[in-house]
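Here are my notes on the model you sent. Please read them with the structure open.

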Amino acid sequence: MPVGGEKERPVAHEKETATVTSQISGLEWELPGMWNRMFESRVLRDHGTAELQRISALEGGESLEWCYGCGKCVPVCPVDLVGEYGPRKLHRLAQTGTNLLADDRLWLCTTCGNCLRVCPKQVDMIQIAPAAREAAVGAGHVPTELQDVFEKTFRQGNCLGENPRRRHAWTRGAGVPVRVLPSDPSPVDVLFYVEDYWSYHPRGQQAAQALARILTVLGIDFAILGPEEKTLGDSQRLAGERGLFEALMEDVVATLAKYEFARIVTPDPHGFNALRNEYTKRGHHYEVAHYTQLLAPLADRIPWSKSIDARVTFHDPCYLGRHNGEYDAPRRLLQSIPGVELVEMGRCRENGYCCGGGGGGMWLDGLTAGRTTERLSERRVREAAETGAEILAVCCPYEVSRFEDAAKSTGNEQLQVLDIVELIDRAMAGGSAGGD
Ligand code: SF4
Ligand code: SF4
């Protein structure tokens, strides 16, 4: 059976007019050409199976060939909403002779998981994308900006290429003591795994400081790894660098083995996903929570001192929601803040729209720009603004900077982008985050 094939447009032969004679009345009629089209038979070109097999032969790539073309995945794909995408379209490209391993469209998938949610054939982009990208990286087809991130991660243990000794520089502005385990290695309840953007990005550092204040007010015993922390590297894995992810994991596991702690709490849904799913697959088990899961049950113990009085909408991070099933903890926290009126966007919870940062997308805005009409973050910010919200609340370190940029570029500067911990900190007695 031939696989695929490219249908050529049918060739039409028309006369401007034709005369026909009625078999009943015997009268003659002049018909215009539209009634008189003749078509040559279509040509179906066989492209062979090579390009589809190239992907489906990879470990993790098998399910691409299960696609039977129903098209359900396309309207839910966030990339298709601003361009041309979805597993069905990738399948078709491979069917019709495109080598996806050498094509920049391979890198557009953010591994958001929305297509897998609706696919009747379990075509799994969360497996296909990293497998195909790993093969592409091996063949030397890697976008330059991604190569740069891989190298920075390899050299410095963080995607920003920052000095590891500055990992805990943010603690100086927290206004509360933050214990750094390498300096004070006694046992601790919560190991706060800060991850890269909260460690180094100025807006992330503000959120890290806010969480440190909240944990302190709640009397939670916590500490960080400071200079010994390395990224968990889940987005690097999904972007095709499984080897780098596994090398990082060996280092992280060795570091964690040096300290006694009861649980790991992280603000990063990507790091959370790595610890909860990828580490366990490889035999490393830790009790792990996203910070919203730690704080939500404690919300009635937070000493509120101020009402926020704002309409707030919330963006579900793909790797907290769809990938790990947590939709309620962030909402419970937001609803516990005095004066917050929570309004949902049309696309939320299981059908939440991706910010564009997952699966390596965080570092591929340049490549994506050439293939889309606007950034996914811009699309999302416009959806947030349409709710009439004054604040877009987030709980993933990738999102504050992405959405703040998008709010500016789409003319929605009135929309404040704040992490949930920043909102809590503003409303809490002793909180020091500025703004109203
Ligand atoms: S939903 Fe699944 S089976 Fe249907 S077109 Fe998309 S990938 Fe193919
Ligand atoms: S995982 Fe998300 S971005 Fe990737 S193809 Fe599926 S819906 Fe589109």
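1. Which residue in β11 does valine 265 stand opposite? The residue is alanine 289. The model is a predicted one, and the points below should be read as such. Strand β10 (residues 261-266) runs parallel to β11, and three bridges join the two.

2. These strands belong to an open sheet of five, in the order β7-β9-β8-β10-β11, with parallel pairing. The edges are β7 (179-180) and β11 (288-290); each has a single partner strand, so one side of each is left without a neighbour in the sheet. Helix α12 (residues 269-281) lies across β10 and β11, and its direction is at about 160° to that of β11.

3. Valine 194 sits in the loop between β8 (188-192) and α8 (196-200). Valine 194 counts as buried because it has 29 C-beta neighbours inside 10 Å, where 20 or more are needed. Beyond its neighbours within four places in sequence, its contacts are Ser199, Ala208, Ile224 and Glu229. Threonine 266 is 72 residues away along the chain, yet the C-alpha atoms of threonine 266 and valine 194 are 6.0 Å apart.

4. Ligand 1 is surrounded by 14 residues, of which Cys67, Cys70, Cys73, Arg88 and Cys119 are the closest. The shell is made up of nine nonpolar, two polar and three charged residues.

5. Around ligand 2 there are 15 residues, and Cys77, Cys109, Cys112, Cys115 and Met125 come nearest. Ten of the shell residues are nonpolar and five polar, with no charged residue.

Note on methods:
Residues numbered from 1 in each chain as written. Chains lettered and ligands numbered in written order. Predicted model: local features only at pLDDT ≥ 70, side-chain atom pairs only at ≥ 80, totals over all residues. Near = placed C-beta within 6 Å. Nonpolar A, V, L, I, M, F, W, Y, C, P; charged D, E, K, R; others polar. Helix = DSSP H or I, 4+ residues; strand = E, 2+ residues; numbered from the N terminus. Buried ≥ 20, exposed ≤ 12 C-beta atoms within 10 Å, placed from the backbone. Contact = placed C-beta atoms within 7 Å. Pairing = 2+ DSSP bridges. Axes fitted to C-alpha atoms, helices over the stretch in contact; angles between N-to-C directions.
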